[in-house]
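Let us walk through this structure step by step. We start at one side chain and then step back to the whole chain.

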Amino acid sequence: MAIIYPDVSRTFSEYLLLPNLTTKDCFPTNVNLTVPVVKYSKGTKTPMKLNIPIVSAIMQSVSNDTLAIALAKCGGLSFIYGSQPIENQAEMVKKVKKHKSGFVVSDSNVSVDHTLKDVVEIKERTGHSTIAVTENGTANGKLLGIVTGRDYRLTRDSLDKKVADFMTPFSKLIVGQLGITLSEANDLIWEYKLNSLPIIDKDQNLHYLVFRKDYDDHKQNPDQLMDPQKRLMVGAGINTRDYSERVPSLIDAEVDILCVDSSDGYTEYQRDTIEYIKTNFPGVKVGGGNVVDREGFLYLVESGADFVKVGIGGGSICITREQKGIGRGQASAVIEVAKARDEYCEKTGVYIPICSDGGIVHDYHIVLALAMGADFVMMGRYFARFDESPNKKVKRGNSYVKEYWGEGSNRARNWQRYDLGENSALKFEEGVDSYVPYAGKLKDNLDVTLSKIRSTMSSCGAKSIKQLQETARITLVSSTSLIEGGAHDVILKENEY
């Protein structure tokens, strides 16, 4: 006979948080939102963390390099979608890693024998206005000068003009010596009012460039998620089919973390994928999922997963439950997996972070997911609404919307995500093609969401997510109490402003 679970499968909307004592030092700006991303032993620090507990979904209509850059600047992480050619995904990863850094390896270089035409072509191709002039035209050659937009005028200068004739020569450059700290380099930039500072060795060979705009950018975004080289961090999704080709390319692109993207992670295919990575690239971090119960969680942990993603059928564009009758209410899934995680940690001394994927309708649902035991949440619809997502913005009626489609839809044709061992295309859809209301810039909206999270945590008397998980009080609600929780029994005014 089948195993029947007597408990109801519950969603986040069926719960509310009860307030705890808010102490005088528990105010929103004093709330710490950093969380671990990958497993670690009790008593030690996690080797990788997020500055906010939010990542973007592994979806064509959500996570490309543009959104990854915007989210990393705010302290979160994107997993660039894997349902695209390997070289395209790797290129997106490279764009994120090259976008910002304390010490930048120059990838726009010329020699003195190049021409203004070459400079213009490089600028059009890369968007870079600062180009290093080295003896051999490479990133690490002997530095002879710098070319910026101030060194030439396209309306007057011939495109055949040699770089040697219009560059700013080395003799007029302010440079830093290899070994200088980022703080010292920025001091030189401000002292001499520079836009960039070349970093050279004792033989005058170029090693790095440091840019003023990166300093300004960091001041405007103090929670940026950066690697040890001060570059923005980025993840990437992989599948259980072409991982032996895809993973090496993503590692060469310097991806920070991987995640196996699957609607059902409780499979031998996923174990093979994770074990391949851990055997061939032992230092690479990889998450597994998705699962909805204790058994699935433990299976992936024993396979070597560094974090586990929880949730099947809860996404706004996901119809897996309709099509296959597979899944579980997101709240119930998170609660059970979190309990299994804590028991595993108590038994082994190893903490495995879990990610709640799906079921987020309102901002307070994020706090509920965290209070129930999730370390961070993954969202798709939320990010699909923003300027930085790759999907089209279109006008419908009197308002703008953005296209949003599931990875299990015919549009995405990501059959590898629903891998059941067959070499064929999708036979039926597990996702829909839809629209979401256009919402503007990511940072503007995310700032509001983070303010709500911090305020809610303050009301719960929690200054950290760990404290929230240990002390939060949660209650079930009735359908009528949900009605009571919104505006009711009044006539709402139209917006007059």
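Begin at phenylalanine 297. Leaving aside residues up to four places away in sequence, Phe297 touches Val291, Val308, Val337, Ala340, Arg341, Tyr344, Ile352 and Ile354. Keep in mind that this is a predicted model.

Now widen the view. Phe297 sits in the largest nonpolar core, a set of 102 residues. It is one of the residues with the most contacts inside that core, along with Ile54, Leu258 and Phe383. Which helix gives this core its largest share? Helix 10, residues 330-348, supplies seven residues.

Next, the whole chain. Its secondary structure comprises 15 helices and 24 strands. Of its 497 residues, 51% are buried. Contacts also reach along the sequence. Take those between residues at least 6 apart: 64% of them join residues at least 24 apart.

What about overall dimensions? The C-alpha trace spans about 80 × 55 × 55 Å along its principal axes. The radius of gyration is 25 Å. A compact globule of 497 residues would have a value near 23 Å, so the chain agrees with that expectation.

The accessible surface comes to about 24,100 Å². Carbon and sulfur atoms account for 50% of that surface. The chain carries 61 positive and 64 negative charges.

Notes
Residues numbered from 1 in each chain as written. Predicted model: local features only at pLDDT ≥ 70, side-chain atom pairs only at ≥ 80, totals over all residues. Heavy atoms only, no water. Helix = DSSP H or I, 4+ residues; strand = E, 2+ residues; numbered from the N terminus. Rg over C-alpha atoms; globule rule 2.2 N^0.38 Å. Buried < 20%, exposed > 50% of the residue type's maximum accessible area, 1.4 Å probe, protein only. Contact = heavy atoms within 4.5 Å. Areas by Shrake-Rupley, 256 points an atom, 1.4 Å probe, with all protein chains shown as cover. Lys, Arg positive; Asp, Glu negative; His and termini not counted. Charge placed at Lys NZ, Arg CZ, Asp CG, Glu CD. Core = buried A, V, L, I, M, F, W, Y, C linked by side-chain atoms within 4.5 Å.
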